[in-house]
Amino acid sequence: MVCKPSNEQGIVMIPVEKSKARANPTKAFFVRMITRDITLEDCIFDLIDNSVDGAWERAGGRPMSLNNDTDLSAYKISIEIDQNRFLIKDNCGGISLDDAVNYAFTFGRRDDADTENFSIGVYGIGMKRAVFKLGSSIDITSTYVGDDGLSSFKVPVNVSDWLEAGNSSWDFDIDEADDLDEPGVCIEVQDLSEATAQSFASPRFVQDLRRAIARDYALHLHRGLVIDVQGKPIKGWSIEMRQGGDFSPMRESFKEKIDGEDVFIELLAGMEALPPDDSDPEGDWDENQNQSGWYVVCNGRIVLAADKTSLTGWGTDNWPQWHPQYSGFMGIIIFSSRRADLLPLTTTKRSVDATSPLYRRYRSHMREPSKTWIAYTNARKQSEREQVAEKESKTKAVPIFEVSARSEVVLPQVSAKKRTPEANVSYSVPKPKLLRLATALGNIRMTYKDVGLKSFEYAYDDLVGEE
């Protein structure tokens, strides 16, 4: 109904046909949005996650605890990259035709979709987002064991044609296909985007990808899963903590009930490396190469690594900001649940949802081991160096799987030495002069600090004399 003025009787109501404002998304907009804020590395990780989920499901699908002895050695994920093509292939069971028709290719997880046991996939957009980001010509082939034996199908996607077809249908065709060598999935992407092709042409990209896989899938690789890039298997990062003598890391386990589902939590913390003798960073200090900090794991995948920010508590109330003095500390918190949506991870699965009530609750548990380490390093820099060195020399690195249960970090008591008051000197000089001075002192590779200290000693001896 609308209001229309009348000449003599004021306002009259005239019926009109009811209409609606259209709010459907366009394909192009949707594709741009889901691929906008994700890196190429994260796209590849999304595809690896799908394969890992398949392997984990076939191996029994249990919580990813450090005590879990699930054997993944029967499963392999192979990745091939060049500037013209991307390929990922696995033998992790494949996608069934029913799942392909009803779930796997929908944009977002449908309410009636089955929950994969202890998967890392949450939102149902990973595979689509990844392949759209990589290129525009895509073939997804699956071989699976059906009721009548092996069955296979292929989903070819030409992104340009799919976009031009308009918004009336978002579906993809499913074609017959030859069987793969083993039940699994093969995804091949061609007609790479310009940015993808440039990145893939760089040996540095492949090197960084291998390093990231070795770290973030370390728990799966430890259980025998094989991931190879360019035909070369990746060795998982050995996550270790030091113990022995007066040093013992902590390890605690918890269980929560959320929406009727169990969520398992493990917390480890302690010394992963000897602290620096000098807490002040040198001119060549690279904080990005420092493996210290907090690690967050969700269903086996490291989603946050070596964090030294407020996300894991540093710099928040009653918790100082990270300082190089604290190097050597490592904390790991592991969340596992049959339902991945209960875990505190973001859509890219490369960070933590700081608003998660579960994460906020357990971040308070992360505070105490951090503060214990801070107190130790504070006492350590005031102590006799020989005393500390002797205690720390008795430690050895052990895999985190071998750390015993203990409710708190154990660190030695160190006594403060009588110290002469010290003064810090900070100033800038022309670098060529500094290098010439280092050469004159006998070592051009001498650190900037040592050049300053050595020069001070010579000047003091010359002007004041030895005491």
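Contact here means that heavy atoms lie within 4.5 Å. The structure is a predicted model, in which local features need pLDDT of at least 70 and side-chain atom pairs count only at pLDDT 80 or more, while totals for chains, interfaces and linings use all residues. Residues are numbered from 1 along each chain as its sequence is written, and side-chain values use heavy atoms, with hydrogens and water left out.

**A glycine in a loop**

Helices (H or I, at least four residues) and strands (E, at least two) are DSSP runs, numbered from the N terminus. Gly236 is placed in the loop between β10 (232–233) and β11 (240–243). Apart from its neighbours within four places in sequence, Gly236 is in contact with Ala214 and Leu221. Between Gly236 and Gly224 there are 9.6 Å in space, C-alpha to C-alpha, the two being 12 residues apart in sequence.

**The protein as a whole**

The secondary structure comprises 12 helices and 17 strands. Confidence is given by pLDDT, the predictor's confidence in each residue, from 0 to 100. Its mean for the protein is 86, and 86% of the residues reach 70 or more.

| Element | Residues | Mean pLDDT |
|---|---|---|
| strand β1, lowest | 2–6 | 50 |
| strand β9, highest | 226–229 | 98 |

Where pLDDT is low, the predicted coordinates should not be read in detail.

Among contacts between residues at least 6 apart in sequence, 70% join residues at least 24 apart.

**Buried cores**

A residue is buried under 20% relative accessible area, exposed over 50%, and partly exposed in between (1.4 Å probe, protein chains only). Of the 467 residues, 43% count as buried. A nonpolar core is a set of buried Ala, Val, Leu, Ile, Met, Phe, Trp, Tyr and Cys residues joined through side-chain atoms within 4.5 Å. The largest such core has 72 residues, of which Ile48, Phe86 and Ile213 touch the most other members. Helix α2 (residues 40–58) gives this core its largest share, nine residues. Beyond its neighbours within four places in sequence, Ile48 is in contact with Ile77, Ile79, Ile88, Ile213, Tyr217 and Ile227. Another core, of 38 residues, lies apart from the largest one and includes Leu267, Trp294, Leu311 and Leu358.

Ile174 lies in the loop between α5 (159–164) and β7 (175–176). Ile174 counts as partly exposed because its relative accessibility is 33%.
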